[in-house]
Amino acid sequence: MSFSVLVLFIRPTIPLRFHCDRDFVCEIWHWRPLDEGTFVLEHIPITHGAIELYNFWATEISSNLFANFETQRRNIQQMQTALTVIESPLRGFVLEDNATFYTIGLEKTQLDVISFGTRCNVETLKINYCKLTQLPKSISNLKALQSFTLSHSFVPAVDLNLLAELPRLAFLDLSKNRLHTLYDSCVRTATPSYPLLADLYLRENKLKSINLDVFRPMMSLTKIDLSHNHISVVSGSLVSASLNLLDLSYNRIVEIDCCGWAVPMLYGMDANDNRLRALPKCLQQAFQNVTRLAFDSNQLQPDVMFQFGRLMSLKFLTLKDNKLPYVTLNMSTIPTQLRHLDLSHNKLKHLDVPYVPSKDFHIDVSSNCISSVDWDRVSANLTKIGMGENPLDCSFYRITTGVDIQSKLACKRQRIKNCDQ
């Protein structure tokens, strides 16, 4: 007698589950809309307007999938809805005409195609970790868009003209992509461009050069972050009546020409970790109202201090790690408003501070090679100094007068290996 055995191998299906919390957000796991339909949306309480889809099993979807969910909440509850997809094989997404969502988020997907219909009402759009290779032209249809983030994509170039006529766009984050080209193809007309754009993030891309003229039409701009790129050439003129902060750190910039700049509201600039051998040209003219400057980890020379001395509004200055062998600290080099000067991680061997603008002034010369201080030439206003990691450490932070410096000073000598050379 013989027996035949039939063995069926069935791929296990992870069951759908969802949970709605007190913050009016419903989380849905392992939803397969092609197999299971939309019944799960019908079981979400009418009081909940935000959906987060985890391990969402669909490759192409349209906003019509959520049309009834959104319409019910808008008509009955006057509620704004939000849709977020996190981890999905999703490759294509279409936002249909007249669709309304407060927020759309697509994170960790295979998205390579996305389009937006007309008269859509979306205020926040976030696309992170996707396979997009270009910014969709139809994004110009999102006239209600206030915040747009695109990161960790394969986009190599962006024409800012696609975003120029979004009347409410205030926040634009294009960080952590593969951008090597940023341009604006439009010849400006009477229509205002970027009327509300205030914060612009372009950090951690592949930019090798930047023409600052591209920012000129952005009349409301307050912050530009170009840090962590490969920029070696800075051209054009930065002209902005509203710009407060500029970050050029972690690039390969050798020189900056600020002679054509007009930035009366600029109060802070970071240019750390570049290859600057000299300060930007026309520094005094361009930075007359600047209160904070950072030029750490460059190749600046000691005589740059005389240029800083002309910046009457400067309060915070950092020059760490420039390998400075000496600096001149007197009335010609220390601005009258300066409160903090960081000269740590240089090659200073002697400290001479005959002039200190006020008793609020703090100087940090830690991690140098200082072995001597001429206390007879130290200003009586000096009440705070950091000297740690020097052959001579005379740090103090609470001495109140020049007499106290002589009577209460406690110094210690130590060997610093880097200073033996």
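## Disulfides

Cys-369 and Cys-419 are joined by a disulfide (a pair of cysteine sulfur atoms within 2.5 Å), with an S to S distance of 2.1 Å. The torsion about the S-S bond of Cys-369 and Cys-419 is about -90°, so this disulfide is left-handed. Because Cys-369 lies in the loop between β24 (362–364) and β25 (372–373) and Cys-419 in the segment after β28 (412–413), the pair ties together parts that are 50 residues apart in sequence. This is a predicted model, in which local features need pLDDT of at least 70 and side-chain atom pairs count only at pLDDT 80 or more, while totals for chains, interfaces and linings use all residues. Residues are numbered from 1 along each chain as its sequence is written, and side-chain values use heavy atoms, with hydrogens and water left out.

The count of disulfides comes to four. Among them is the bond between Cys-394 and Cys-411, whose sulfur atoms are 2.0 Å apart; the torsion is about 120°, so the disulfide is right-handed. Cys-394 is buried (under 20% relative accessible area, with exposed over 50% and partly exposed in between, for a 1.4 Å probe and protein chains only), at a relative accessible area of 0%, whereas Cys-411 is partly exposed at 41%. With the bonded cysteines numbered in sequence order, the pairing reads 1-2, 3-4, 5-8, 6-7.

Cys-130 is in no disulfide; Cys-120 is buried at a relative accessible area of 5%, and Cys-130 is buried at 3%.

## Aromatic cluster

Trp-31, Phe-56 and Phe-66 form one aromatic cluster, where rings of Phe, Tyr and Trp (its six-membered ring) pair if their centres lie within 6.5 Å, and planes under 30 degrees apart count as stacked, over 60 as edge-to-face and the rest as tilted. The count of aromatic pairs comes to seven. The ring centres of Trp-31 and Phe-56 are 5.5 Å apart and their planes stand at 55°, so the pair is tilted. Trp-31 is buried at 0% relative accessibility, and Phe-56 is buried with a relative accessible area of 1%. Trp-31 also forms an edge-to-face pair with Phe-66, at 6.2 Å centre to centre and 75° between the planes.

Technical notes
Helices (H or I, at least four residues) and strands (E, at least two) are DSSP runs, numbered from the N terminus.
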